[in-house]
Amino acid sequence: MLDINTRLATLTRPTLLARAARFGVDDYRRNTHLARIFQSEDLPRHAEALMRLFEIEAEMEDARQEKSGSYRPARHVELLIAIAGEARLMRATAIASIR
C-alpha cells in the first residue's frame, strides 16, 4: 500500500481535469466541500480524509475510463480539488506543528 505522499506524487489525470482542479483549489473550503462529498458534518482528519477521497476518486476514474454513463466530470473535478486542498492543508498543519 502506498503512503499518502507517494499517492499524491503518482496521481496522474488528463490535463483538462488536472487544470480545472488547480483553478478550484484556491477556493477549497474544507467544512463546505468535505461535508458535501462525505455527506456528513463530522469530518475526519486530513490523512483519513485523503485516503477516503483517493478511494472515491479511483472509482470515478474507473468510471471515466470505462466511459460509464454514471461518470460525472464535475464530480471528478470536485474530488480532485478536495484531494489537492486536503494535501495543502495537511502540509500546512505539519509545518505549523514543527514550529
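Lys67 is exposed, with a relative accessible area of 73%. The model is predicted. Lys67 sits in the loop between helix 4 and helix 5, and its phi is near 55 degrees, a positive value in a residue other than glycine.

**Loop between helix 4 and helix 5**

- Ser70 is found in this loop, between helix 4 and helix 5.
- Ser70 is exposed, because its relative accessible area is 53% and the cut-off for exposed is over 50%.
- The side chain of Ser70 makes a polar contact with the side chain of Ser68, at 2.9 Å.

**Loop between helix 3 and helix 4**

- Gln39 is placed in the loop between helix 3 and helix 4, just after helix 3.
- The phi of Gln39 is near 55 degrees, which is positive in a residue other than glycine.
- Most residues other than glycine have a negative phi.
- Gln39 is exposed, with a relative accessible area of 72%.

**Helix 3 against helix 4**

- Helix 3 covers residues 30-38, and helix 4 covers residues 46-65.
- The buried residues of helix 3 are Arg30, His33, Leu34, Ala35, Ile37 and Phe38.
- Two packed helices are described by the angle between their axes and the distance between the axes.
- The axes of helix 3 and helix 4 come within 12 Å and cross at roughly 45 degrees.
- The two helices, helix 3 and helix 4, are therefore oblique to each other.
- The crossing of helix 3 and helix 4 is left-handed.
- Helix 3 brings Arg30, Leu34, Ile37 and Phe38 to the contact, while helix 4 brings His46, Ala49, Arg52, Leu53 and Ile56.
- By class, the residues in the contact of helix 3 with helix 4 are 6 nonpolar, 1 polar and 2 charged.

**Glu86 in helix 5**

- Glu86 lies in helix 5, which runs over residues 73-98.
- Is Glu86 buried or exposed? Glu86 is buried, with a relative accessible area of 0%.
- Which residues does Glu86 touch, not counting residues up to four places away in sequence? Glu86 touches Tyr28, Arg30, Leu34, His46, Ala49, Leu50 and Leu53.
- Among these neighbours of Glu86, Arg30 and Leu34 belong to the helix 3 side of the contact with helix 4, and His46, Ala49 and Leu53 to the helix 4 side.
- Ser70 and Glu86 are 16 residues apart along the chain, and their C-alpha atoms are separated by 25 Å.

Conventions. Residues numbered from 1 in each chain as written. Predicted model: local features only at pLDDT ≥ 70, side-chain atom pairs only at ≥ 80, totals over all residues. Heavy atoms only, no water. Buried < 20%, exposed > 50% of the residue type's maximum accessible area, 1.4 Å probe, protein only. Helix = DSSP H or I, 4+ residues; strand = E, 2+ residues; numbered from the N terminus. Axes fitted to C-alpha atoms, helices over the stretch in contact; angles between N-to-C directions. Parallel < 35°, antiparallel > 145°, perpendicular 65-115°, else oblique. Left-handed = near helix turned anticlockwise from the far one by under 90°. Contact = heavy atoms within 4.5 Å. Nonpolar A, V, L, I, M, F, W, Y, C, P; charged D, E, K, R; others polar. Polar contact = N/O pair within 3.5 Å; in protein donor to acceptor, adjacent residues only side chain to side chain.
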